[in-house]
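This briefing covers the overall make-up of one protein chain and a few selected sites in it. Please have the sequence and the model at hand while reading.

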Amino acid sequence: MGGPRGPPPAGCGPALSTEESLTASLSSRCCLFSAMALRCWRRWHLSAWPRVRPPPSRSTPTPGFCQQFSTRETTPQICVVGSGPAGFYTAQHLLKHHTRAHVDIYEKQLVPFGLVRFGVAPDHPEVKNVINTFTQTARSDRCAFRGNVVVGRDVSVPELQEAYHAVVLSYGAEDHQTLEIPGEELPGVVSARAFVGWYNGLPENRELAPDLSCDTAVILGQGNVALDVARILLTPPEHLESLLLCQKTDITEAALGVLRQSRVRTVWIVGRRGPLQVAFTIKELREMIQLPGTRPILDPSDFLGLQDRIKDVPRPRKRLTELLLRTATEKPGVEEAARQALASRAWGLRFFRSPQQVLPTPDGQQVAGIRLAVTRLEDVGDSTRAVPTGDVEDLPCGLVLSSVGYKSRPIDPSVPFDPKLGVIPNIDGRVVNVPGLYCSGWVKRGPTGVITTTMTDSFLTSQVLLQDLKAGLLPSGPRPGYTAIQALLSNRGVRPVSFSDWEKLDAEEVSRGQGAGKPREKLVDPREMLQLLGH
């Protein structure tokens, strides 16, 4: 997955330039109290709320707005559900801009950091440096991590709302989009999300055991996750070993063992539309082109006329398409040609193809291939869509990885949820018709963007929450916060994990990794983790 080039701003200390540059932008966006937002406010059940009108748009907080809060006011108790980038960035901004706020971060896993730990490719350690920033936030005396708590099962959202002044849902997208085609249930069809979770040590995927005994794998989807999966599948074992020697990968030992024995030599990355619509970024493409021991397979006919069509596209898209064009149409230099001639593995992009059916082996027990509908594009710009031409082709393979998108799930019957869009209906992070409830990250806007996108989005939610607090739109008077929730969890036999507990597990992982020359060896069994903590 893509991410920031360096660590974002620190927890509650002085702002770094990244946040300062964002604040003005966010403040202006906070001004968008449209008539639609006001209508939603009027529908709220205001009888339980202070009868204070929403603030005018010009009252949007400025970079120093935290100084405007009264020191005599009640300490705001705020709950954040989810400890991935959205959750931590929301907490970081709240703590920085309100000097009395206390934030509890609830997480269903025993360990924090969400997709930074379980989604970022294990050969991209620089992206994971953001964990250092999140650690500073979690160590604040006004912040607490509450792991091993499943909101919606162990405690309900209404119970959290009773205990806190505000609740922010930042739990991300923990499911995947299905293909909805025949044969999807066959052994050998795996979601890219589960595959990524497997090699990254996500406990629920630790027993995935993908069969990599085939020669050819097909990945459906052309985003960064698809390229991450292709790169991991095709990285030669000796290159994985060199990453280990440099302590540049935290891939699990179990996954490493399976990948060492992999027979996959060709990976096709399939998309419904064309080169101008790919969702991956130039960084991930460049890594694929330069991957040791591999060569690219691109059909020059897919790029006919593209040079003239990219003249007016935005610069990032233009640079990406130009790299694709050069790779597909230009003869490689002597050195690159020699490297490709020695390559034992290959990857290719198949455009204008839509999955129609997963084909079984004669005994019906395994994947034998995939039937693809040939497509063409209709309309232009953002409305471009792929429509079938009526032609089909069969592509032999022994493994199909579905990478057509992540999907959020509803968390609690009391929380509105749009199943079609896979998001919580909201206006600038305010959950529609539920006062005091907010959302940030993928569950707010859908599973798009990189970590910096989530940072911006989370800062915006934090600002509108603090604006509502300042305007008197949140409950007045003290709230018990975690004291009340702790009693509920105790009665229900739930034992939360603290951040200091996580630091013990972290130390154990680092210690185990040292023996293997890795930055860490991830713990993947929740029972073992709890035993190590004495729970």
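The points below go from the whole chain to single sites.

This is a predicted model, in which local features need pLDDT of at least 70, side-chain atom pairs count only at pLDDT 80 or more, and totals for chains, interfaces and linings use all residues. Residues are numbered from 1 along each chain as its sequence is written, and side-chain values use heavy atoms, with hydrogens and water left out.

**Whole chain**

- The protein chain has 19 helices and 18 strands; helices (H or I, at least four residues) and strands (E, at least two) are DSSP runs numbered from the N terminus.
- Of its 535 residues, 54% count as buried, where buried means under 20% relative accessible area, exposed over 50%, and partly exposed in between (1.4 Å probe, protein chains only).
- Contact means heavy atoms within 4.5 Å; among contacts between residues at least 6 apart in sequence, 77% join residues at least 24 apart.
- The accessible surface comes to about 23400 Å², and 51% of this belongs to carbon and sulfur atoms; areas come from the Shrake-Rupley method with a 1.4 Å probe, and for residues only the protein chains shown count as cover.

**Buried elements**

- Q77 is part of strand β1 (residues 77-81).
- Q77 counts as buried because its relative accessibility is 14%.
- Leaving aside residues up to four places away in sequence, Q77 touches H102, Y164, H165, A166, R479 and G481.
- Helix α7 (residues 192-200) is mostly covered, with nine of its nine residues buried; among them are F195, W198 and Y199.
- G201 follows α7 and has a positive phi, near 85 degrees.

**An exposed loop residue**

- A279 sits in the loop between β8 (266-270) and α11 (282-289).
- With 57% relative accessibility, A279 counts as exposed.
- A279 touches Q222 and G223, not counting residues up to four places away in sequence.
- The C-alpha atoms of A279 and G221 are 8.6 Å apart, while the two residues are 58 residues apart in sequence.

**Positive patch**

- R286, R315, R319 and R326 form a positive surface patch.
- Patches are made of residues with over 30% relative accessible area and no salt bridge, with like charges joined within 9 Å and nonpolar side chains (Val, Leu, Ile, Met, Phe, Trp, Tyr) within 5 Å.
- A salt bridge is a side-chain nitrogen of Lys or Arg within 4 Å of a carboxyl oxygen of Asp or Glu.
- Lys and Arg count as positive and Asp and Glu as negative, while His and the chain ends are not counted; the place of a charge is NZ of Lys, CZ of Arg, CG of Asp or CD of Glu.
- Helix α13 (residues 315-329) gives the largest share of the patch, three residues.
- R315 is in helix α13 and counts as exposed, at 61% relative accessibility.
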